[in-house]
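Thank you all for making time this morning.

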Amino acid sequence: MSYEELMIKSLSDLLDDGEKLLYPVYGVLVDKKLNWFGFFGLTESKLLIALLQGNSKVVNWTTCVPLDIKKVIVKKTVILPQYVIKIEFNEGNAACLRIPKKVVGIECQEENLKGFMDYLETY
């Protein structure tokens, strides 16, 4: 199974009946000292997260976070062609995602990244 197929399957498994997967991307969930590689997607009301075990093709943690967003900050990095997206929620901790513009084996990454950022920036 390719990374793109794994991404679509992993995120689609998190959907409730009637929900549609929007803008799936590969990236990194950044914490103070740790980075978790994984897949991220959206529905009309949720952020979907499927984190990988290291750099393998094994998904070891998934969750859905309501899009109860206070603020979104998007910055393009200077050195690498990637974006840092900080999502501040009305309740709970903020999420910081680092998402590359292109990923080998995921043809839809660049197009979906644009949609992902545009959708979040409506908040």
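Let me begin with a question: which side chain meets that of Lys 114 in a salt bridge? The partner is Asp 118, with 2.8 Å from N to O, where a salt bridge is defined as a side-chain nitrogen of Lys or Arg within 4 Å of a carboxyl oxygen of Asp or Glu.

Before I go on, please keep in mind that this is a predicted model, in which local features need pLDDT of at least 70 and side-chain atom pairs count only at pLDDT 80 or more, while totals for chains, interfaces and linings use all residues. Residues are numbered from 1 along each chain as its sequence is written, and side-chain values use heavy atoms, with hydrogens and water left out.

Lys 114 and Asp 118 both belong to helix α2, residues 109-121, and sit 4 residues apart, about one turn of the helix; helices here are DSSP runs of H or I with at least four residues, strands are runs of E with at least two, and both are numbered from the N terminus. Lys 114 is exposed, at 51% relative accessible area, whereas Asp 118 is partly exposed at 36%, given that buried means under 20%, exposed over 50% and partly exposed in between, with a 1.4 Å probe and protein chains only.

The count of salt bridges comes to 5. One of them joins Glu 19 to Lys 46, with the closest N and O atoms 3.2 Å apart. This pair links distant parts of the chain, since Glu 19 is in the loop between α1 and β1 and Lys 46 is in strand β3, 27 residues apart. Lys 46 is buried, at 13%, and a network of salt bridges links Asp 16, Glu 19 and Lys 46. In another pair, Glu 110 and Lys 101 have their closest N and O atoms 3.7 Å apart; Glu 110 is partly exposed at 37%, and Lys 101 is partly exposed at 27%.

Lys 46 also brings us to Thr 43, because the side chain of Thr 43 reaches the backbone nitrogen of Lys 46 at 2.9 Å, a polar contact being a pair of N or O atoms within 3.5 Å in which, within protein, one must be able to donate a hydrogen and the other to accept it, and residues adjacent in sequence count only if both atoms are side-chain atoms. A polar atom of the Thr 43 side chain also lies 3.1 Å from the backbone nitrogen of Ser 45. Thr 43 is placed in the loop between β2 (35-42) and β3 and is buried, with a relative accessible area of 1%. Leaving out residues up to four places away in sequence, Thr 43 touches several residues, including Glu 19, Leu 67 and Tyr 119, with contact taken as heavy atoms within 4.5 Å.

Ser 10 counts as buried at 10%, and its side chain reaches the backbone oxygen of Leu 6 at 2.7 Å. Beyond its neighbours within four places in sequence, Ser 10 is in contact with Phe 39, Ala 50 and Val 59.Lastly, the largest pocket takes the largest share of its lining, 3 residues, from β4.
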